[in-house]
Amino acid sequence: LQYSGFTLRDEDGRLSVERGLLTRMRGSVPRGRIQAFSLREGVLHRLFGRRNLRVDTAVMGALNEKAAVRDVAPIATPEVTDALIDRLLPEAAWPVAEWLPLHPRAWRRKFALPAMLTLAATAILMFFRGPWGLLLLLALPLLYWRARLWARRSGYSVANGLVAFRGGWLDRHWRFAESRKLQALELLQSPCDRRHGMATLRFDTAGASPMEPGLKIPYLPE
């Protein structure tokens with residue numbers, strides 16, 4: 001219903017999108033107003049060899065018009081999305097040639113909180129259900145494997161005028177923006193971050209969508 005008859009055009013430096021079966025949505029934006037990119041590869045996407053590409057734009061207009069331009073490639077092959085990103089970026093910065101790893105202990109941070117919540121839930125369940133509550137501990141190996149896989153696949157890059165982060169375990173996602181279009185930079189350090197010598201960098205761009213995760217690089221070596 002949303003993407004029936006989807007058409008993407010690039011004419012005279014403007015991206016135009018038209019889509020929809022029951023409600024026809026149309027929108028356009030100058031290519032230079034694109035602020036950030038979100039590339040996602042869910043479980044079903046990976047199964048069928050597809051990806052989803054969204055953009056944040058800094059334009060004033062109707063909500064429906066901005067929403068229409070957000071999905072520039074709802075379902076496409078990796079080759080098509082990579083070629084489209086390369087066309088929309090002013091420099092040849094995509095695909096990223098080298099991803100830098102996060103802090104070596106990033107997996108511990110990713111594992112710690114879910115593990116503690118699981119142990120707390122196990123204790124509560126044992127109080128009410130007895131030894132059957134111990135079955136919840138079977139989730140710990142899965143959480144450990146998830147944290148390890150997430151840390152191994154995560155990475156960041158600051159090169160060729162692009163700031164990028166990738167993450168995910170069963171799914172995969174990439175979030176990136178041109179350095180010159182970043183509006184603000186925030187350095188975050190929790191007590192656990194300081195203890196492990198880590199920090200998180202969070203970036204803000206104009207027109208950031210509340211429906212998309214913000215651009216940030218977590219668990220960086222301080």
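How many helices and strands does the secondary structure of the protein chain come to? It comes to six helices and 12 strands. Please keep in mind as you read that this is a predicted model. The C-alpha trace of the chain spans about 65 × 45 × 30 Å along its principal axes. Of its 222 residues, 39% count as buried. Among contacts in the chain with a separation of 6 or more, 50% come from residues 24 or more positions apart.

**Nonpolar cores**

- The largest nonpolar core is made up of 23 residues. Those with the most contacts inside this core are Phe37, Leu39, Leu53, Ile85, Leu89, Trp94 and Phe176.
- Several elements each supply at least two residues of this core: the strands β4 (34–41), β5 (51–57), β6 (71–76), β8 (162–167) and β9 (172–178), together with α3 (78–88).
- Another core lies apart from the largest one and has 16 residues, among them Leu102, Ala151, Tyr156 and Phe165.
- Which residues is Phe37 in contact with, leaving aside its neighbours within four places in sequence? They are Leu53, Arg54, Val55, Leu88, Leu89, Trp174, Arg175 and Phe176.

- Helix α5 runs over residues 139–153 and has 15 residues. From its first C-alpha to its last it reaches 21 Å, close to the 21 Å expected at 1.5 Å a residue.
- The buried residues of α5 are Leu143, Ala147, Leu149, Trp150 and Ala151. As a reminder on helix geometry, an α-helix has 3.6 residues a turn, so residues three or four places apart point the same way.
- What do the buried residues of α5 pack against? They pack against α4 (106–129), β8 and β12 (215–221).
- The packing angle between α4 and α5 is about 160 degrees, and their axes are 8 Å apart. Angles over 145 degrees count as roughly antiparallel, so α4 is roughly antiparallel to α5.
- The crossing in which α4 passes α5 is right-handed. On the α4 side, the contact is made by Trp107, Lys110, Phe111, Pro114, Ala115, Thr118 and Leu119. On the α5 side, Ala139, Leu140, Leu143, Tyr144, Arg146, Ala147, Arg148, Trp150 and Ala151 take part.

**Leu137, between the two helices**

- Leu137 has its place in the loop between α4 and α5. With a relative accessible area of 30%, Leu137 is partly exposed.
- Thr122 is 15 residues from Leu137 along the chain, and their C-alpha atoms are separated by 6.9 Å.

- Leu187 lies in strand β10, residues 182–188. Its relative accessibility is 58%, over the 50% cut-off, so Leu187 counts as exposed.
- Leaving aside residues up to four places away in sequence, Leu187 touches Ala199, Thr200 and Leu201. The C-alpha atoms of Leu187 and Val43 are separated by 32 Å, with the two residues 144 apart along the chain.
- His45 lies in helix α1, residues 43–48. At 15% relative accessibility, which is under 20%, His45 counts as buried.
- Beyond residues up to four places away in sequence, His45 touches Arg40, Arg50, Arg51, Asn52 and Pro74.

**Backbone details to check**

- The peptide bond from Trp94 to Pro95 is cis, with omega near 0 degrees.
- Asn160 has a phi near 55 degrees, a positive value in a residue other than glycine. Asn160 is found in the loop between β7 (155–159) and β8.
- Tyr219 also has a phi near 55 degrees, again positive in a residue other than glycine. The place of Tyr219 is in strand β12, and Tyr219 is buried, with a relative accessible area of 16%.

Methods. Residues numbered from 1 in each chain as written. Predicted model: local features only at pLDDT ≥ 70, side-chain atom pairs only at ≥ 80, totals over all residues. Heavy atoms only, no water. Core = buried A, V, L, I, M, F, W, Y, C linked by side-chain atoms within 4.5 Å. Buried < 20%, exposed > 50% of the residue type's maximum accessible area, 1.4 Å probe, protein only. Helix = DSSP H or I, 4+ residues; strand = E, 2+ residues; numbered from the N terminus. Contact = heavy atoms within 4.5 Å. Expected span 1.5 Å × (residues − 1). Axes fitted to C-alpha atoms, helices over the stretch in contact; angles between N-to-C directions. Parallel < 35°, antiparallel > 145°, perpendicular 65-115°, else oblique. Left-handed = near helix turned anticlockwise from the far one by under 90°.
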